[in-house]
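Please read the briefing below alongside the sequence and the coordinates.

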Amino acid sequence: WHHVAAVRIGTTIKVFLDGNQEVSTAQGQAMVSGGRTLDIGLNRAASLVYWNGYISDLRIKSHNLLTNH
């Protein structure tokens, strides 16, 4: 299995694979807005290509994990 994490800090999104940063990119707008859905396991840019496998644990946080919540 692999651990994948995406973190948004301000306008920067970082993607980590097994604890190693793989991508960092600027994202000026909201990740999901205007009534659109958040797709997990689906690549809309590639003609609706679906993930071929299992996702065993998924967590979506709306707060910074470094602060006390």
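The points that follow are grouped by topic.

This is a predicted model, in which local features need pLDDT of at least 70 and side-chain atom pairs count only at pLDDT 80 or more, whereas totals for chains, interfaces and linings use all residues. Residues are numbered from 1 along each chain as its sequence is written, and side-chain values use heavy atoms, with hydrogens and water left out. The protein has 0 helices and 5 strands, where helices (H or I, at least four residues) and strands (E, at least two) are DSSP runs numbered from the N terminus.

**Overall make-up**

- Read along the sequence, the pattern of the protein is β-β-β-β-β.
- Of the 69 residues in the protein, 4% are buried, a class that means under 20% relative accessible area, with exposed over 50% and partly exposed in between (1.4 Å probe, protein chains only).
- Taking contacts (heavy atoms within 4.5 Å) between residues at least 6 apart in sequence, 0% join residues at least 24 apart.
- The accessible surface comes to about 6,500 Å², and carbon and sulfur atoms account for 53% of that area; accessible areas come from the Shrake-Rupley method with a 1.4 Å probe, and for residues only the protein chains shown count as cover.

- An open sheet is formed by 3 strands in the order 1-2-3, with antiparallel pairing; two strands pair if DSSP finds at least two bridges between them.
- Strand 1 and strand 3 are the edge strands, each pairing on one side only.
- From one strand to the next, the twist averages 20°, with axes taken as lines fitted to C-alpha atoms (for helices over the stretch in contact) and angles running from 0 to 180 degrees between N-to-C directions.
- Strand 1 (residues 4-9) is hardly covered, since the count of buried residues among its 6 residues is 0.

**Strand pairs and their turns**

- Strand 1 and strand 2 run antiparallel and are joined by 6 bridges; valine 4 has leucine 17 in strand 2 as its bridge partner, and arginine 8 has isoleucine 13 in strand 2.
- The hairpin of strand 1 and strand 2 has 2 residues between the strands, and glycine 10 takes a positive phi near 65° there.
- Strand 2 (residues 12-17) and strand 3 (residues 20-26) also run antiparallel, with 6 bridges joining them, and phenylalanine 16 has glutamine 21 in strand 3 as its bridge partner.
- Strand 2 and strand 3 form a hairpin with 2 residues between them, and aspartate 18 in the turn has a positive phi of about 55°.

**Surface and the segment after strand 5**

- Leu38, Ile40, Trp51, Ile55, Leu58 and Ile60 form a nonpolar surface patch with about 650 Å² of accessible area together; patches are made of residues with over 30% relative accessible area and no salt bridge, like charges being joined within 9 Å and nonpolar side chains (Val, Leu, Ile, Met, Phe, Trp, Tyr) within 5 Å.
- Tryptophan 51 lies in the segment after strand 5 (49-50) and counts as exposed because its relative accessibility is 56%.
- Lysine 61 also lies in the segment after strand 5, and it counts as partly exposed at 48% relative accessibility.
- Between lysine 61 and valine 7 there are 54 residues of separation in sequence and 9.7 Å in space, C-alpha to C-alpha.
- The whole structure contains 1 salt bridge, a term for a side-chain nitrogen of Lys or Arg within 4 Å of a carboxyl oxygen of Asp or Glu.
- Arginine 59 forms a salt bridge with aspartate 57, the closest N and O atoms being 3.3 Å apart, and arginine 59 is exposed, with a relative accessible area of 63%.
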